[in-house]
Amino acid sequence: MTAGYPFSAVVGHDDLRLALLLNAVHPAIGGVLVRGEKGTAKSTVVRGLAALLPDLAVVEGCRFSCDPAAPDPACPDAPHAPPASPSHSTATTRAARLVELPVGATEDRLVGSLDLERALTEGVRAYQPGLLSAAHRGVLYVDEVNLLHDHLVDLLLDAAAMGRAHVEREGVSVSHAASFLLVGTMNPEEGELRPQLLDRFGLTVEVAAARDVATRAEVIRRRLAFEADPAAFASAWAVADAELAARIVAARAAVAAVALPDAELRRIAALCASFGVDGMRADLVVARTAMAHAAWRGGDAVEESDVEVAARLALPHRRRRDPFDEPGLDEEQLRQALRDAAESADPPDPDDPNDPGGPGGGRPDESTVDDPAGEKDAPPAGGDGTRQPAAVPDAAFRARLLAVDGIGEGAPGRRSRARAGFGRTLRATQSRGHGVHLVGTLTAAAPHQLARGRTGAGVLLRRTDIRHAVREGRESNLVLFAVDASGSMAARKRMSAVTGAVVSLLLDAYQRRDKVGLVTFRGTQADLVLPPTSSVEAAVARLRRLGTGGRTPLATGLLRAHRTLTVERLRDPRRRPLLVVVTDGRATVPIRTDPVEDSLRVAGLLAADGVASVVVDCERGPVRLGLPARLAGALGGACVRLDELSSDVVTGVVRAARSAA
């Protein structure tokens, strides 16, 4: 077996290594989320940790890795006789497992499912364990966790939090222990996790490649040495890894006895309160991490330094209020919060109203907080093609659902109807479907059992009996925004409303797990400001820097959108596009002859390709030319006024019909 890269040989990444080691000491911390750019050895460090974990004693033959000293009484493979019993189950020892959950895994693979082979051949209902059972008492590693479907992440984090997995499906009701060290890695460029899911990870670490030349050279030197002779390289670092492994065992044994003084407990509570985190999970995680750090350094009680380390690892990802906020924690801000929290470490004086630890003390005067958006008027945009400063977006609102009409087969999401391997089961079919429909298959085979000579418990099947499940759920789409940034749109109030509306639609796309792209047009050209990506945050950042002014090359903008969607269709043919055109329709730059007619001709190309479209009508004032409605007609799509995008103003789904290609 090829040796893995030693944990001790990793250069740098001190916070990442410490976070992993603290979770190994105290798994109740809740795991580690590793955020970083590609090529920063995230996976290498995680895989190296598994070799440091102590070997496990398990009940021989138990598929759920029960501890012989304290077997799970609810284990599906129970009963396991207790150690003092004459019929005590044989114990065996094995290494701790590193179980990897691939991005394309299904719910069946994660939590387990009905054992179809035994059900069909023996006529019994039996449970086939999933990856959660395999990871029990080990490490469950999810690479690119931000690309995993949300409902799988929910199942994963529920099991990690409760230490048990519950399966209720296909006539099977099973509960088994699932205590593991959860580690997820992600590249933020490929999209963020929702704040609700971020909060479920105990600790978060940001990693980046070193910029120091000496450090980078050492990374290269060690990697090349490992690739030349993995066994010799691992042997050279074996002593260092063994010392770490022994330290983990000692800290695990000591962590339960570590004291958490009341002063440090109050410090933790004050620190979490000062950062305004939601709920109590942050307080508990900081406390557990501080205790693990105290045990790791050999202390018998938590100190201020332990709390500081714990806060640096546990709080950054919990400060996001808006899904588009950047996770992070400023070091100076943390130090100031610790200084402030030090005043709360002592019991409050109930007679002193100015005591920061007393009732009403230490609260900031919210009236002195500056408005981060600012209230200054943006200068008016000219029509000479000069670039004007970006308008401050209006406040975001809950947008109406814009959905592609018909039924697709794209990636799981929350926007348009789709038939795929997820969602609710509609019926059984003999034609193409997703997975075996067990009840339908057995129903089809049942009338023929006597004729086929069945005598035992098993069911005799033929190929013609197989029925497939037809499931319907929701898919994600590629939402391409084509935003008019010309002078006719650039009046301060109008552009603020437009950018606020697009930010609201981007927030909706974020929640529905869509890919997004952004095309803007102004002056004489159209730019693909953001190629289609899963990072909705990047689209918001580009939009907020959007300059305005100049003429309106509407036809050019639509043509750029057409080219972008054509390329994306080749890359991802199953993902249906939704084009959202935000404009007042007042085209002034022609491609051939007349600007408006050119725009309608390009719109016809998009309609002929079957692109579902929605035009957001930005016309204002007493005189309306109706140009956005004409454009929507040429696109074969829907036309929605800007002030009708909010679900608080108008309810109902806007369905963008796809024209026949």
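**Briefing: cores, ring pairs and salt bridges**

Tryptophan 237 has a relative accessible area of 23%, so this residue is partly exposed. The model is predicted. Tryptophan 237 joins Tyr5, Phe226 and Phe233 in a cluster linked by ring pairs. Elsewhere, the largest nonpolar core has 65 residues, and the structure holds 27 salt bridges.

**Helix α12**

- Helix α12 covers residues 281-296, 16 residues in all.
- From first C-alpha to last, α12 reaches 22 Å, close to the 22 Å expected at 1.5 Å a residue.
- The helix is mostly covered, with 13 of its 16 residues buried.

**Nonpolar cores**

- In the largest core, of 65 residues, Leu20, Leu271, Trp296 and Leu315 have the most contacts inside it.
- Helix α12 gives this core its largest share, 10 residues.
- A second, separate core has 39 residues, including Val404, Val503, Tyr510 and Val616.
- Setting aside neighbours within four places in sequence, leucine 271 is in contact with Val307, Ala311, Leu315, Leu334, Ala337, Leu338 and Ala341.
- In soluble globular proteins, nonpolar side chains tend to be buried together.

**Aromatic rings**

- The model has four aromatic pairs.
- Tyrosine 5 and phenylalanine 233 form a tilted pair, because their planes meet at 35 degrees, with ring centres 5.3 Å apart.
- Tyrosine 5 lies in the segment before α1 (14-25) and phenylalanine 233 in helix α9 (residues 230-236), so this pair ties together parts 228 residues apart in sequence.
- Tyrosine 5 and phenylalanine 233 are both buried.
- Phenylalanine 233 counts as buried because its relative accessibility is 9%.
- Phenylalanine 233 also pairs with tryptophan 237; the centres are 6.4 Å apart and the planes lie at 45 degrees, so this pair is tilted too.
- A charge meets a ring at tryptophan 296: the charged end of arginine 247 sits over that ring, 4.0 Å from its centre.

- Arginine 297 and glutamate 303 meet through their side chains in a salt bridge, 3.7 Å from N to O.
- Arginine 297 is partly exposed, at a relative accessible area of 34%.
- Glutamate 303 is partly exposed as well, at 41%.

- Arginine 630 forms a salt bridge with glutamate 597; their closest N and O atoms are 3.4 Å apart.
- This pair links distant parts of the chain, 33 residues apart: arginine 630 is in helix α20 (residues 627-635), glutamate 597 in helix α19 (residues 595-608).
- Arginine 630 counts as partly exposed at 42% relative accessibility, and so does glutamate 597 at 35%.
- Aspartate 598 and arginine 601 form a salt bridge of 2.2 Å, N to O.
- These two residues are three apart in helix α19, so about one helical turn separates them.
- Aspartate 598 is buried, with a relative accessible area of 3%, whereas arginine 601 is partly exposed at 43%.

- Side chains of opposite charge can pair when their charged atoms come close.

Key: Residues numbered from 1 in each chain as written. Predicted model: local features only at pLDDT ≥ 70, side-chain atom pairs only at ≥ 80, totals over all residues. Heavy atoms only, no water. Helix = DSSP H or I, 4+ residues; strand = E, 2+ residues; numbered from the N terminus. Expected span 1.5 Å × (residues − 1). Buried < 20%, exposed > 50% of the residue type's maximum accessible area, 1.4 Å probe, protein only. Core = buried A, V, L, I, M, F, W, Y, C linked by side-chain atoms within 4.5 Å. Contact = heavy atoms within 4.5 Å. Phe/Tyr/Trp six-rings, centres within 6.5 Å; stacked < 30°, edge-to-face > 60°. Lys NZ or Arg CZ within 6 Å of the ring centre and 35° of its normal. Salt bridge = Lys/Arg side-chain N within 4 Å of Asp/Glu carboxyl O.
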